[in-house]
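Have the viewer open as you read.

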Amino acid sequence: MQYSSILPEVIKVADEASTRVLHIYQSDFKVSYKEDESPITAADIASHEVIVKGLRNISQNIPILSEEGAQAPWEERQRWRRFWLVDPIDGTKEFTQRTGEFTVNIALIEDGEPVLGVVTAPALKEAFWGIKGEGAHKRDRTGREHRIRVAELPDTIRVVASKNHMNDETRDFIRALGPHKTLQAGSSLKFCRIAEGHADLYPRMGPTSEWDTAAAHAVLLAAGGSVNALDGTALRYGKEDVLNPYFIAAGNWYIPRP
Ligand SMILES: Nc1ncnc2c1ncn2[C@@H]1O[C@H](COP(=O)(O)O)[C@@H](OP(=O)(O)O)[C@H]1O
Ligand SMILES: [Mg+2]
């Protein structure tokens, strides 16, 4: 499959979803709570609907797994060699707190690997995309597009961490790094900050689901970075359990084995 030939259409779908999301963000929206007590708004649903429709237009035959869609049973999912993995809004808490740090995420998975990813931050007017082996790009708030790449290792490591889901394990890991600077960012933007060279490391010793990380993982990979579980193996997608293991996303950082 020629990923570069479908990329402009995937960006268009993400942009359409972003426009809908932003419209709701700027309105007096209502917040409801799912069974797991995580928040959901009309923007999550609207974004999901725009993306599913758009991706079906691009490819009739590639199945879709979305945070807000009905999940196909494992008997079916385990046969998917290639599928779209979607988080219509990552950082719903950021959305409801109106920090602007939420994203729309679309990834294409092939044999467990994120080979294409598009991440948009509607309120920040930023977009990131990447294709395995073909590099990553950012569109900034002025509309200018440019290639991005992870930074060379700086003297002081810049660590990016969750605002809403910080925990003791992640804090201990960061402390053990020694001298470092800390940046905060919401949602999958943390991976994108590494991909564009503004941060070096994102340790996540806490739960996330496959849709939270896949698109930004693809961007970071394409920009020269990595996302590894604590045993050093790359994060993979399309598992029976959609939860990710704890991970370390990094630019040019050497991860010492325990
Ligand atoms: N207990 C838990 N189980 C699964 N995922 C969790 C979780 N706590 C937080 N997350 C995930 O962390 C994401 C937010 O990350 P961050 O704190 O880095 O912004 C949430 O994305 P959603 O907003 O899409 O639900 C959510 O999926
Ligand atoms: Mg999410």
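Predicted model: local features only at pLDDT ≥ 70, side-chain atom pairs only at ≥ 80, totals over all residues.

Residues are numbered from 1 along each chain as its sequence is written, while chains are lettered from A and ligands numbered from 1 in the order in which they are written.

Let's start with ligand 1. Of the 16 residues around it, T92, S162, N164, H165 and P207 come nearest (near means a C-beta atom, placed from the backbone, within 6 Å). Ligand 1 lies between domain 1 (3-148) and domain 2 (157-250), because both give residues to its shell; these bounds come from an automatic or database domain assignment.

UniProt, in an unreviewed entry, lists E67, I89, D90, G91, T92 and D212 under "binding site". These positions span 146 residues in sequence, yet no two of their C-alpha atoms are more than 12.2 Å apart, so they gather at one spot. Such annotations may be inferred rather than shown by experiment.

Burial is counted from C-beta atoms placed from the backbone: 20 or more others within 10 Å is buried, 12 or fewer is exposed, and in between is partly exposed.

| Residue | C-beta atoms within 10 Å | Class |
|---|---|---|
| G91 | 27 neighbours | buried |

Beyond four places in sequence, D212 is in contact with D87, D90 and S188 (contact means C-beta atoms, placed from the backbone, within 7 Å).

Conventions
Contact = placed C-beta atoms within 7 Å.
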